[in-house]
Structures are given as structure tokens and as C-alpha cells.
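Me: I would like a close look at a single part of this model, then at what surrounds that part. Please keep to computed values and give the cut-offs.

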Amino acid sequence: METGVLLALLAILVPIVLGPFTYLVEKISAKARTIYAVALGFITGGLTLSLIPYITEGTVESFMWIPGAGRIAFSVCLDSFSVVVAIVAGVIGALVLLFSIRYMKPASQEYSLSRYYWQALLFIGGMIGLALTSNLLVMYVFWEIIGFCSYALIAYYYHKPESVPAGIKAFIVTRIGDIGLLAGILILWHATGTLNIFEIMSASQAGLISFTLLGLAGAGFLAGAIGKSAQFPLHVWLPDAMAAPTTITALIHAACLVNAGIYLLVRSYPIFAALAWWPTALLWIGAITALMAATIALTQWDIKRVLAYSTISQLGYMMAAIGVGALLASQFHLVSHAIFKALLFLGAGSIMCMTGGIKDLHQMGGLAKYMPITRITFIFGLLSLVGIPIWTGFFSKDMIMSSLLQGGAYIPLALLVIATFFTAAYSWRMYWLAFQGEKRTSTEVHESPPQMTGPLIILALGSFLFWLCISPYTASMAFSLPVGYHIMPMSLAALIQHSFTSPIIVVTVAIIVTLIVLTLKWRATVINTYQKPSALTLPLFRAYWIDIFYNRVIVKSLLSFCQQFRRLQTGDLNYNNLAIAIGLVIFLIMLFALGVY
Amino acid sequence: MNLWQLYIAAIVILLGIGIYCLISRRNLIQLIIGVEVIAKAVSLSFILAGNLQGNEQIAQAIVVTIILIEAVSTAVALSLIVAAYRHTGSLDINILKRLRG
Amino acid sequence: MNISPAAPIITLFVGALLTYLFGRTYPKPKFTGLFSLLFLVIALVELLNLYPGGGRVTYSLWGAQTFLEANGLAIFLGVVAVGLGILVLIYDVSHMKDSPGLGRYYALILLMIAGAIGIGFAGDLFNLFVFFEVMAIPSYALVAFRKEKWEPVEAAVKYTIMSISGSLLALGGISIIFMYTGNLDLNTLAQSAANMDPGMAIAAAGLIIAGFGVKVAIVPLHMWLPDAYQAAPSGISALLSGITSGAGAIAMLKALAILLPTGTHPGVVLIIFGIISMFVGNFMALVQKDLKRMLAYSSIAHMGYVVMAIGLALNYLPIAGEYAFRGASFHILNHAVMKGGAFLCAGAILQSIGTSDLHEMRGIGRKNVLVGVAFAFFALALAGVPPLNGFISKFFICKGGVDAGGWGIVAMSLLILNSAISLGYYLPALNTILFSRDISERAEKARPVSAWICVPIVVMVILTVLLGVYPEFGLKIVNPAVQYLMGFAGGL
């Protein structure tokens, strides 16, 4: 076995297999357990980083998994796409676990921390596995494992009323998308006789898959990605998922799990590119989601919900980028978003931890004085999110925008530009409410300890400097896609030149909004929002009633239908016998009809 | 009219009576009788089949076995009915409606 | 070692008799259970010795020649039945220890398992019916085993009447086949059935679907099932859902397959009613308050998956048969493991808190950690969450659907949809048991669970994970069954 494959397998198996032993180590002492878990996280992160020298093209090695049925193999694939996603999971996972040492301490009174660490490690392993395999069935297995971890960790604080329903909702809503994904995988397997994504790609490029089947599979993959990456209309689970511990939100709902859908679409883009409607659908869904979520974020009062809608919005950008075939831009933004959004969530976590769990922006304010490091790092994250040059977010967003421009997708581009405007607005609103103004909480606040600020600083530097790595990043990515979809290596100079010479829409909009906000000090408008939402902001505040619609109309009517349906089970024996007789008659009629025609 | 057509008619009528009995009667013993009537229809059908196929040996074996099985299952059913009667003090199936929904 | 295909069945018949006598003469409940367990272990060894099949024994029943045949399908069904039986018997050593008349109880269980094995081994339709009854009749008595209570008796009365009339309908179907072919040997019957009168073949197929369908609980025929599963002792619920419905499905498959050459389309009916079953089962389960009743409705849904797979296989045999049969057989195995395990957990909880009302179970999983965690595994497996076993078999069924193409793809999508719907009740149940906000009074006072109960549950959790992570383990016994079925249904 090659060293690279061995390392990849270790990176998957170490957290998954050794994770459950947190329960055993806990028997020694709680401290040992925490050290054990964090150490596992760092080992995993190190293993993912050690994969960098082994980036090659295509599938590296396969292990037979189910020889008895279709010869399904567990294949490991080390290319730039997969390794980068694995590194994001491993490294951010390690940082989040480090951050958790202090952040989760108060929870240990009521809840089992072993469960927390075990599930977080299982998630990290699952995400790395999802990234590193090229077999679709294996990928789906990991896909569901991370979905399960997401559910379990959202429901982690089970004494709180909102946690468990939010977890269930997250699992079910993403699984509705997964119906499509699983069906799509099965259809592709049927059409090509293989589950290896590279073989499917070449079969698709050779035109071996009929357009009907390809279309069905494409729609299925799209549905799966929409569910996992929280795009309209299946985005409703992500805001509720904020019931999870904030560390988990940073890891799962900002940096990793939600990116899985984008990653899947990038991976499978060459398969479905032949379908004319497929990229267009991505483009529009992405653009609409980006705008919709950004407007909603403007009116939310829970800092985590603001960030959640911001995540949905940013994922919409990535989706739109895939829609015009800008795979590099989407992947670049994926990484840069993972870094700065994890940073922002951890920053919010730092605030919550130090203020005793306040997440309402009404009650924050004036924290700048007390939490200088959190504040500075938070600003770094926001600068990247808004897209101010020379933070990474600027380059990645600009790449998306200019590729949309080149692709001639003007209306989606316009939507994204407006979304950028709102992004800047909600970002600075959030900052202002949280850190500036007078202090509105009576709790004693001070700066977080080094285990928390450490990861913040590292992530802040990442969000500031990651774009400097563009040259090796693109070079490694260059040939991970089949012919026709090659990504050209890009030097740093080219990136800078490209970003500053193209119509720099992002910058313009972002800077203008930022300047406006800074000069007006945002005060008059923001702080006065204790009043009820106006007619204009009510739809935003209620998130366009989408969630309410799902609950009141779909779920409720389904349940009341079931309640009505229960009456059919009367418990009366005559009636039961009648059902048998009716069944017999129906069977006979059907068989007769089928026999005749 | 052939003799075997008469047989078929008898089978169908017996089956119909049995099913009607199962659907309409509310007395547990009557339900058992309904089941028995269906069993007789099936036995008759096997006898007819053996006769038509000239394979009476198998038909006879089958019918004997059916009678045996019928006897056992009726015994079990009757013992259950006794148990039910101990609870309800009646043979009406209307009372046996606690489990539903 | 060369043994007769009849050996496992004879072992269990003898075992049933001896267990009954043992229970009467030596009324110490624990030993009666262990004594009967001995015979199941012997039967398992015999079955594994027969693997992978081959061998046929002929005997005469009142002058009629009948056959028992050891093939892949028979051994598959036998191993599932006996394996689940062993686990349930271990469980019952503690679970049933306070009940009187345990000799009878264990003897009936052995008979029931012998019947289920016989359904697999039966080489002709008549034998099939006899063993079907051998399986069914003890189950009537077992459902009503606690006859001092109202609910078991009520459920058993309904179950008995419906099940007897169902099996008589199936027998009527068999009699029509016999009437036109004069032959009941499954190996040659399809050839003789090929020139049957189409109208009569349709009548036979309808009667067979309706008849065996009562046992499988295809939807309009399912009314007995929730009552029986809810009221029966939990071990019996596990056996009923794990063995009898699966064996019923296989009996139906065996009887229907020979009617294929007559130009009837039983497959389509099975696909449509399989889909209806899944929807009804899942919808009804969504609104249940009682854990055992909820699991019962979910059994209807799961049997719907199996019935749909059988329908796909029968209707699109050459293209979709392999995966549909594999999915159906594997799902029968997996369903026995995961639903059996879930019922055992429900029984353990019921025993420790005295009710199966879901609301009263709040937080019981935090008191009896093992049972709670095990239930989580079973619930997730039932909902088809990979890498647990339920997912793999559903995946194979779906592959069968895709291979069938056209409407098969629609059917498959509906199956996956149902899998997602089923999370809607498994997750709340799981959360009530493990992660409720408070702990109910009864759960607070819950009694600890005995080791006899823990062992089978742990074994089933291990199997649930193992069959999912390493499906090859289960495919070893599933694949011969698939091969046999492909040859049986296709090569005639």
C-alpha cells in the first residue's frame, strides 16, 4: 500500500475508531478524556496535512468492500479537491476541539462531554472520509454519518426545549434532499455499472448515459446538495441548527458539513455538464438563495442566526459559481468561507462563553473594550466576509463575480451584487450591535483564555493570508478534473492582477457600504430597533414565512391526515374481515386487468 | 350441466357463504363456523381437483390433512374464545375493540 | 457430515415434545428455556452443515409423495429463524420467568420455528401449506400466552380468525393450481402450469396473494398486526415480525413464482400494494403513542419494502431479479435483526417500567443505558441510516428498482421517501428514550435489566453494525438464496 493511501485511511479511521474510547478514557479522569480527544483531533489534522505531498490524479487505490454484490469497492482518491476539503475538516476540527476545552466546560455539569467529543470526532472522520473517497456509495455512507452527527450534536443540549426538535428537523430536511442523491447514485450505477465517480465521468463524457437517466440523476444530486448545503427551498434546517453548541456550529454548520453539498456538485460537475438545464438551475438557486438569506440576516437578532443566514447566503455564491462552471472559484470560496465563518462562529462562541450564554444582539454591545482579541479577530472575519481587499474573501468573491460576468449570467450577477450590499450591511450591523455602543449586559465580561483566543488568532491569520497560497493551491488542482474541465494554474501576481483589473464590483459595493456605515455610525438605525418590525422588514424578520409555511401547512396537514387515517383501524373484527375480502377483490380485478392488457 | 360444474357452483357458494358470515356475524362462534365453511369449500375443491386429474390419492391425503389442520386451529380458536368469554362475559365481538387506531 | 434435509425440522419437533414434557415434570422456568435452547442450537448446527444446499428427501403423507429440499433459500430462512429464535429464547429466560406454563410456551416457539424452516424446505405446495400452518397455529396461542389479560386475548382472537381465513384462501389458490395441473411439485409445476387457463391462473394468483398476504400484512389485510404485536409478549412480537412475516413473504413468493409462465402479473400487484403498505405503515406509525404499536406499524412498512422487492423481481425477472431478490432476502434478515432487537428493547423497557407508553419512557435510556443505546442503534438502522444494516438491504432493493427502469425508478424513489418519513417517528422515539428533557417518574424507579436480556440485545447490536459495515457477512447466506430464487423463478 502506498504511504499516501495509508495516511488517508488513518485520517479517516483514527477519529472514527478511536473516538468512542473517550467513554473509556473518561473512567480515568475527565481531564484525560479531554486531552485524549483534542490530541486525536490534532493527530487527525496532522494526518490530513501530511496528505499534501501525495496529491495525484484520480483514484489511488481500491479495497473490496462488498464483493458479493456488484463488487463495490472502497476507493481512496487523493486529488486536490478531496485533500483540500479533508484538510479543512481536519485542521478546523482540531482548532475547534482546542477551543472546546474551555467553551464546553460549563456544559459538563449537565451533559456528557464524552458524547460531545466522540460525536465531534466521528464527524471529522466522516467528513474526511466523504472527501477522500471516489466511490459514490461510500461517499453516501459518510454523507449520512455526518448528517447523523449533525443531528446528534444539534440535539446535544437536550434539556433545552429547542434543541431536540431542531436536531430532528435538520436530519429529516437534509434526508429529504438525500432521497434525490441516493436515487441519483443508484441511477448512475445502473447506467454505467460502476460506482466510481471517475469511471462515471468518463462514461458520461463518452455519452454512454441516456439523457433521461442523466437528467434524473442530475436532479437527484442537485436535491441532495440543496439539502446538505442548505439552499432554498431546503435551507430551513440551518438557522434552527444554531441550537447546537457554538463550537459545533463553527465546525459543522459553517466549515464542513454544509460544504459537502458544494463539494459533491463540484465533483460531479463533469458528469452533468452535458445537461443544459443543470448548471442553469444551480446558478439560479444559488443566486436566489444568496440574496434571500442575506436580506433575512439583516433583521435577525440572534447573533448565531445572523451568521447562519450569512452561511446560507455565502453557500449560494458557491452554488452560483458552479452554475457557470467556475469550479475553481467555488472551491476557493469554499475554503475561504470555511476559514472566516468558523472564525466568526468561534468569535460568537467566545462572546457567549464570556457573557454567560448571551446570543441576543439586544443584550450585547460595548464588548470591544472588554474583549480586544475577540473583537480584532471578529473584524478580520467580517472584512473577509464582506470582501474588503486584501482579505481572502475579497479574492474568492471577486473570482465568483467575474466568472459570472464572463459567463454572461447578468441577472444572477445582479442578484449577487445586491446580496453583497446586504452582506456588508448585516455584517457591520452585527459588529456594531455586539462590540460598539454602550454595554447593555450587567454581567462581568473579560477576554477569553488562550485556548479560545489561540484558534481565533490562527483562523484570523488564515482569513487574512490564505490567498497567498493561491499558486500552489491552483497548481495542485490543475489536473484533478477530466479533460475539458482543467483548471489553469494561477500565480499570485495573476490573481492580484485579475482581481484588481476586472470590474471590481465586490470591492466597490462593499467599500461604499462600509464607508456609509462607518460615517453614519449605523447608530440611529440600528440601536432603535427595539421596536417591532415594520411592514417592510416583517417578511425578512419572519424569513419570508417559509419555515412557518412548512410547519403549518405541510407537517401539520400530514399529521392531521394521519390522525384521520387512524380511524380506519377500527379494531372491529368484521370490518377487518371485510378488508380482507375487499383486498381479495381488488387483487383479482387488478390481475384480471393486467392479464387482459 | 356437467357434474363438475355443479361442484364448482357448490364451492363458490360455500366460499361466498363463509366470507359473508365472516363479514356480517358478530358472534365469535358463528365466525368460527364461517371459517369452517370456507375450509369445507377448499376441501371440496381439492376433491374435485383430484377427481378431474384422476389423482385421487393425493387429493385424499390433502383433504385428510386439511381436516387435521382445521381441527387443530379450530381447537386453538375455541380456546381463545373461551378465554375471551372469561374476560367479557359475552361472545359479541363488539366488545373486543380495545385495541384500535 | 452428511445429514438429511429433514433433520433440523425433526430436531425441533422432537425438541418441542421433550420441552413440553420437561416443563411439566421439572417446573423450573430457567432450565426449561435452556433445555429448549439446546434443540435450537442443534438445529442451527444442522442447518450450517447443510450449507450451501443440495439434497432432497421424499416422504409419503397418507399416500401422497411430498418433498423437502435443502436449497440456498431454505438454509437462509432456516438460519434467520433459528438464529433469531436462539436470541429470543435467551431473552425470554429472564423476560418470561414469572409466567406459568413455560414448557408449553417454549414448545410452541420451537414448533413455530420448525414451521418457518419448513416453509423454506418445502419442495411442493402442499408441504408449503402444511408448514405454513405449523408456523401459524402456535403463534395464535403464543400471542394469547398471557391470557389473564384482556389485550392479548382480544388480539389473538382477531389474529386467529383473520389468519385462518387467510391461509384457507391461499389453500384455495393452491387447489386451483392442483385442479389444472394435477401436480404440486415446485420443481416441475411451472412447466405444467404454463398451459393453465389464464382466468383460473389469475384467480389462483389473487387467492394466493390475499391468503399469504394476511401473514405478510400487505395493507388491506394488515389489520390484525398492530394488535397482535402490541399485545403479545415482546419476545413473541420479535419472532412474529422477524420470522413469520418474512417466512410468509417467502411462502407467497414460492407459490407465485410458478404462476409466472401463465401470463399473470402478480408482480405489479405486489409492487403497488408494497408501496401502499409502506405509506400506510409509516403514516400510522407517525401518530402512535405506544412504542410496541409504533414498531408494529413500522413492521408493516418494512414488509412493504420486501413485498415491493418481490414484486419487482417477479415482474422484471431477467433484468431486476438479482438485486431485487437480494434486497428482499437481505432485508428479511436485517429486519429480523433490527426489528427483533427493537422489540426486545421495547420489552426490556416495558418490563422495567411496566408500560409501553412512549410518554412514560422519558429518559429511561439514561437509567438503563445499555437498552437505550441499543434502541438508538436499532431505530437508526430501521430508518435506513448508513452504515447500519437496514440501509444496505434497502439499497439493494432500490438497485432492483432502478434496474427495472421506468416505474421501477418511481417505486424505488417512493421507498427512499418512506425511509425519510420513517425518521419522523424513529427519531422522536429515540429522543424520548435517551434525550428527553426530564425523566418520568416510572423511569426514575425503573428496575435494572438482567444479563439474560442484555446478552441477546448486545449480540443484535453487534449484528446490526456488522451487517452494515461488512455486508459480506450476511451475503454469505443471502447469495445462495438469491441464486436459487433466480433459478427457481427464471429457469422454469
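Which residues line the largest cavity?

Reply: This is a predicted model, in which local features need pLDDT of at least 70 and side-chain atom pairs count only at pLDDT 80 or more, while totals for chains, interfaces and linings use all residues. Residues are numbered from 1 along each chain as its sequence is written, chains are lettered from A and ligands numbered from 1 in the order in which they are written, and side-chain values use heavy atoms, with hydrogens and water left out.

The lining of the largest cavity consists of Asn577(A), Ile580(A), Ala581(A) and Leu584(A), then Ile19(B), Leu22(B), Ile23(B) and Ile38(B), and finally Ser165(C) and Leu169(C). Two or more of these residues come from each of α26 (573-596) of chain A, α1 of chain B and α6 (150-181) of chain C. Helices (H or I, at least four residues) and strands (E, at least two) are DSSP runs, numbered from the N terminus. The largest share, four residues, belongs to α26(A). Eight of the lining residues are nonpolar, two are polar and none is charged; here Ala, Val, Leu, Ile, Met, Phe, Trp, Tyr, Cys and Pro count as nonpolar, Asp, Glu, Lys and Arg as charged, and the others, Gly among them, as polar.

The space in this cavity is about 90 Å³, and the whole structure has four cavities of 30 Å³ or more. On a 1 Å grid over the protein atoms alone, a cavity is a set of points where a 1.4 Å probe fits but cannot get out, a pocket is an open set with protein on both sides within 12 Å along at least five of seven lines, and lining residues have an atom within 4 Å of a point. Grid points are joined across faces, edges and corners, and a volume is the space filled by probe spheres set on the points.

Between chain A and chain C, contact (heavy atoms within 4.5 Å) involves 58 residues of chain A and 74 residues of chain C. About 5900 Å² is buried there, 78% of it from carbon and sulfur atoms; buried area is the accessible area (1.4 Å probe) that two parts lose on being put together, summed over both. On the chain A side, Gln569(A), Phe587(A) and Leu591(A) lose the most area to chain C, together 12% of what that side buries. Between these two chains there are zero salt bridges (a side-chain nitrogen of Lys or Arg within 4 Å of a carboxyl oxygen of Asp or Glu), but 10 residue pairs are in polar contact, both residues at pLDDT 80 or more. A polar contact is a pair of N or O atoms within 3.5 Å; within protein, one must be able to donate a hydrogen and the other to accept it, and residues adjacent in sequence count only if both atoms are side-chain atoms. Helix α26(A) gives the most to the side of chain A that touches chain C, with 16 residues. By class, this side has 42 nonpolar, 11 polar and five charged residues.

Chain B meets chain A through 14 residues of chain B and 10 residues of chain A. The two bury about 960 Å² between them, with 56% on carbon and sulfur atoms. One salt bridge is found across this interface: Asp572(A) pairs with Arg26(B), the closest N and O atoms being 3.0 Å apart. Six residue pairs are in polar contact, both residues at pLDDT 80 or more. Helix α1 (residues 3-24) of chain B gives the most to the side of chain B that touches chain A, with four residues. That side of chain B divides into seven nonpolar, three polar and four charged residues.

The second largest cavity, about 60 Å³, has among its lining residues Arg175(A), Leu182(A), Lys394(C) and Ser419(C). Its lining takes the most from α16(C), four residues, and includes six nonpolar, two polar and two charged residues. Arg175(A) also forms a salt bridge with Glu144(A), at 3.4 Å from N to O. Arg175(A) is in helix α7 of chain A and Glu144(A) in helix α6 (residues 136-154) of chain A, so the pair links distant parts of the chain, 31 residues apart.
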